[in-house]
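These are my notebook entries on one structure. I record what I looked up, entry by entry.

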Amino acid sequence: MEAFTYRSGALHVEDVPLSRIAQEVGTPAFVYSTGAMEAAYRAYADAFAGMDVLVCYAMKANSNLAVIRTFAALGAGVDVVSGGELAQARAAGLTGDRIIFAGVGKTREEMAQGLEAGILEFNVESEPELRALNEVASAMGRRAPVAVRINPDVDAATHEKISTGRKKDKFGIPWERAREIYSLAGELPGIDAEGIAVHIGSQLTSLAPYRAAFTRMGELARVLLADGVTLRRLDLGGGLGIDYAGEDVPSAADYARVARETLGDLGLPMVTEPGRSLVGNAGVLLARVVFVKDEGRRFVICDAAMNDLIRPTLYDAWHDVVPLLEPAPGAVMGEADFVGPVCETGDYLALERQAPPFAPDDVIAFRSAGAYARVMASNYNSRPHAPEVLVRGDHFAVVRPRQRLEAMWADEVMPPWLAGGDTA
Ligand code: LLP
């Protein structure tokens, strides 16, 4: 489903002109399409039809309560990676039985919170974590449901910073040690080792690494079953890529086919943890042009910046630049850099793009900003967080208003020696 389309020359999200949102809510602003999120979720649900698969939305991609609830209402669970996300998932209305808890560094406090919430599964990534979880669960008189996250030593062929399944990455337990870990788990009174998990990286644009990782997981599952381990679940992780710059990405159906071919014969329930592929292309970041500076190189200076969308700076990521007014057929295109007002050369949203002319007050949509955008934003340069808007059909709602300026320092406290207010 394409939620962002020109109608009579005006860029719409579903049935709402984005210019209306820019006018009423201001810029910068994040705008998300409910229809696009629902379509992305249904693609997974349909792809796995006939199989027992729980789609656990990786809420790190976009943890707005309304976004979480949109997926929960469709039947999704969530994948959380901190006590904060766990609390936020609960605040969105999720019950523990639809929550899985991943991450390499869960604290004992977070483990207790997960146990208290009665979560479906802890994805355990090291032996020390397994032992700590055992102690926490035992002290609470509980048994923790565990999936051991295996590091399959597979290169996901994605950006260096978001590749997670190679031996050198910090994630998971080397697959060669897996049997040993399950055997240890079997001896720990506070642990129910009932699953295997993998997650090899994010923004995967090829199925081959999935096939390699799932195959390794399947081989291991068969060995463990023969060892007498009661496996109840296979967690496939997330990572399916999206089209940022016209890349050809596998569909959820392709991904499900690989899972079925490599693991289907085991007949075990599965979990999948997609984040980006559920929300990434459901969102845009709206920005207004402040100035255009053209001294040989054309800089379109916007009111959105690296503090709103860090991905271009951090990962050299590509976000399409789309004017709200469709360029006339004969518009003269020229190269432009789209930059923000932050005092760093690295503050850019898009470099060296072929773009039509822009003038101050024009509004631009930076595409693919539904995932890893607002959640990675900061207040750098004391820039308040941009609002978030959710669209459904022909109406929209502000699901988080623009941060008030004072809210940026509201929690700061003067030490006693500065509390007098005397700045002389
Ligand atoms: N499961 C685990 C264990 C993960 O670590 C992640 C993402 C996911 C699932 C969801 O992956 P997805 O389906 O969204 O690819 N900030 C980076 C992406 C970091 C991904 C971290 N882990 C970016 O902006 O590209």
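Entry 1: I looked up the side chain of Ser 202 and found one of its N or O atoms 2.3 Å from an oxygen atom of the ligand. This pair falls under the term polar contact, which is a pair of N or O atoms within 3.5 Å; within protein, one must be able to donate a hydrogen and the other to accept it, and residues adjacent in sequence count only if both atoms are side-chain atoms. The model is predicted, so I noted its limits: local features need pLDDT of at least 70, side-chain atom pairs count only at pLDDT 80 or more, and totals for chains, interfaces and linings use all residues. Residues are numbered from 1 along each chain as its sequence is written, and side-chain values use heavy atoms, with hydrogens and water left out.

One is 2.5 Å from an N or O atom in the side chain of Glu 273, and for Asp 79 the corresponding distance from a ligand nitrogen is 3.3 Å. On its own the ligand has 590 Å² of accessible area, and the protein covers 91% of this (Shrake-Rupley method, 1.4 Å probe).

**Entry 2: the shell.** Which residues come nearest to the ligand? I found Ser 202, Glu 273, Arg 276, Arg 311 and Tyr 372, out of 18 residues around the ligand (a residue is near if one of its heavy atoms lies within 4 Å). By class, the shell holds six nonpolar, six polar and six charged residues. Asp, Glu, Lys and Arg count as charged. Domain 1 and domain 2 each give at least three residues to this shell.

**Entry 3: the domains.** I looked up the bounds, which come from an automatic or database domain assignment. Domain 1 is 4-31 + 280-408, and domain 2 is 34-277. Their C-alpha centres lie 32 Å apart. The contact between them (heavy atoms within 4.5 Å) takes 22 residues from domain 1 and 20 residues from domain 2.

Entry 4: I followed an open sheet of three strands in the order 1-2-3, with antiparallel pairing. Strands here are DSSP runs (E, at least two residues), and two strands pair if DSSP finds at least two bridges between them. Strand 1 (4-7) and strand 3 (16-17) are at the edges with a single partner strand each, so one side of each has no neighbour in the sheet. Strand 1 is joined to strand 2 (residues 10-13) by four bridges. Opposite Ala 10 in strand 2 I found Arg 7, and opposite His 12 I found Thr 5. The hairpin of strand 1 and strand 2 has two residues between the strands, and Ser 8 takes a positive phi near 45° there.
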